[in-house]
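Please read them with the structure open.

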Amino acid sequence: MTSTSMAAVSTKLFPQRLYNQTRTFFVNAKVKWVCDPFLDMAVSREKDLKQVLSLKNQIVSSPTKSLPLSSVSPLKTHLDLPTTTTTQNFFQKYPSVFHQFQLSPSLPLRVKLTPHALTLHGEESAIHGSSTHRDCVVKRLARLLMLTNARRLPLHVIDRFKFDLGLPHNYITALLSDYPEFFQVCEIKDCNTDKETLALELVSWRKELAVSEMERKSCHGDLLNLKKGMCLRFSMNFPRGFDLEKRIMDWVEKWQELPYISPYEDAFHLAPSSDLAEKWAVAVLHELLWLLVSKKTERDNVFCLGDYLGFGDRFKKALRHHPGIFYISSKIRTQTVVLREAYRKDFLVEKHPLMGMRHRYLHLMYKAQQHRRKPIGVVASRPKRKRKITLSTKTVRKEDDKCILGEEVSNRLSDSVFDGDSSHEAVKIEI
């Protein structure tokens, strides 16, 4: 379906007065953020996981199933390894995953996977090779391309989401080549760099896939009962200690009652500053996060994709204005956007086989660290008792230096999650 035809469909679904809906009521209020310890835990427990799996894939792709350390060091930036840690120290940090050895004293040090890590890799490869998973990941990738008007994205943008989408590390040769009816690789001019680059293109529009998760839930999976333009409400969950001004909450309630526009429709004809346009931007961002196996991704990935989708700062505003839908965690050396409704405390509501495998990798990684902390002959000290969060009207005890809840500081989170802003932005609410 072309952009013109989708716009024509949208015109029939929504009255013209909604297109030009602007904000007329200004509320000088601030949407503040408060730390969510559970979602922070969901993010922080995966520290170094992506890097470990990237190194693992580099090793198993080698003909000898091992790599010299000298060949890995130049890949630190590519693999997003910590700049303060040498490659050798990173391998030594996880001895249950990586084994360093020398074929002879005169030869350079090499690294390979431990038997246990090789076993996990075999089970992970079996998941990637299963027909069920392959069909599922192909549909997710197709939906990602369908979020764009041109139905194509540069490969370097897709690579940003490769881990989050659950794509195999060699997805171009191991997956895409088997689905020529879905995808083709083409050469385009990058709209951001104005240079020629390779892109992945969806061969044809897939009408059966152009149904968002919100719409699927609204009709309980029976697409025959799906009606466009319904006033679907986004699930909103606030962490304990969060305080939203009544004026903003009233606006959110009215905003929720606006018609829902599918993220697979073209609604760029709406006034960018209108509430309806913002609800559409939230729908696109919601669908993007739902396509990911972990329902979260780095903030920079979201903003990069937003530029290619044509949203510019709209994603930034969506994250800023709707903390009950999205959460930004500042853990593990980056900022991660999390879809709140996909989690119950710090666990995913819907389990994905790949996430189960990743948790097994994490168990292996943590097992190594525990072993290093408890050397033979040394009695392990009694673990410190965790401080409990006790809510009261005036004081709340700390659980984390970066997570302080209380009456005076309860609604604080630095706007550095939004490009290093030094002050909170007032939300302009016009109805």
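1. Lys 317 is partly exposed, its relative accessible area being 44%; the classes used are buried for under 20%, exposed for over 50% and partly exposed in between, with a 1.4 Å probe and protein chains only. Lys 317 sits in helix H16, residues 314-321; helices (H or I, at least four residues) and strands (E, at least two) are DSSP runs numbered from the N terminus. Between Lys 317 and Ala 281 there are 36 residues of sequence separation and a C-alpha to C-alpha distance of 9.2 Å.

2. On the basis of these notes: this is a predicted model, in which local features need pLDDT of at least 70 and side-chain atom pairs count only at pLDDT 80 or more, while totals for chains, interfaces and linings use all residues. Residues are numbered from 1 along each chain as its sequence is written, and side-chain values use heavy atoms, with hydrogens and water left out.

3. The largest nonpolar core comprises 82 residues, and Leu 141, Leu 144, Phe 183 and Phe 326 have the most contacts inside it. A core here is a set of buried Ala, Val, Leu, Ile, Met, Phe, Trp, Tyr and Cys residues joined through side-chain atoms within 4.5 Å. Helix H14 (residues 275-291) contributes the most to this core, with 12 residues. Another core, of 28 residues, lies apart from it and includes Val 52, Val 111, Leu 362 and Leu 364.

4. Which residues does Phe 183 contact, leaving aside neighbours within four places in sequence? They are Val 138, Leu 141, Ala 142, Leu 145, Leu 176, Leu 200, Glu 201, Leu 202 and Val 203, where contact means heavy atoms within 4.5 Å.

5. Val 185 belongs to strand E6, residues 183-189. With a relative accessible area of 45%, Val 185 is partly exposed.

6. The structure holds 12 aromatic pairs. Rings of Phe, Tyr and Trp (its six-membered ring) pair if their centres lie within 6.5 Å; planes under 30 degrees apart count as stacked, over 60 as edge-to-face and the rest as tilted. Phe 90 and Tyr 94 make an edge-to-face pair, at 5.6 Å centre to centre with 70 degrees between the planes. Phe 90 is buried, at 2% relative accessible area, and Tyr 94 is buried, at 2%. Phe 91 and Phe 98 also pair edge-to-face, at 4.8 Å centre to centre and 70 degrees between the planes; both are buried.

7. Phe 234, Trp 251, Trp 255 and Tyr 260 are linked into a cluster by ring pairs.
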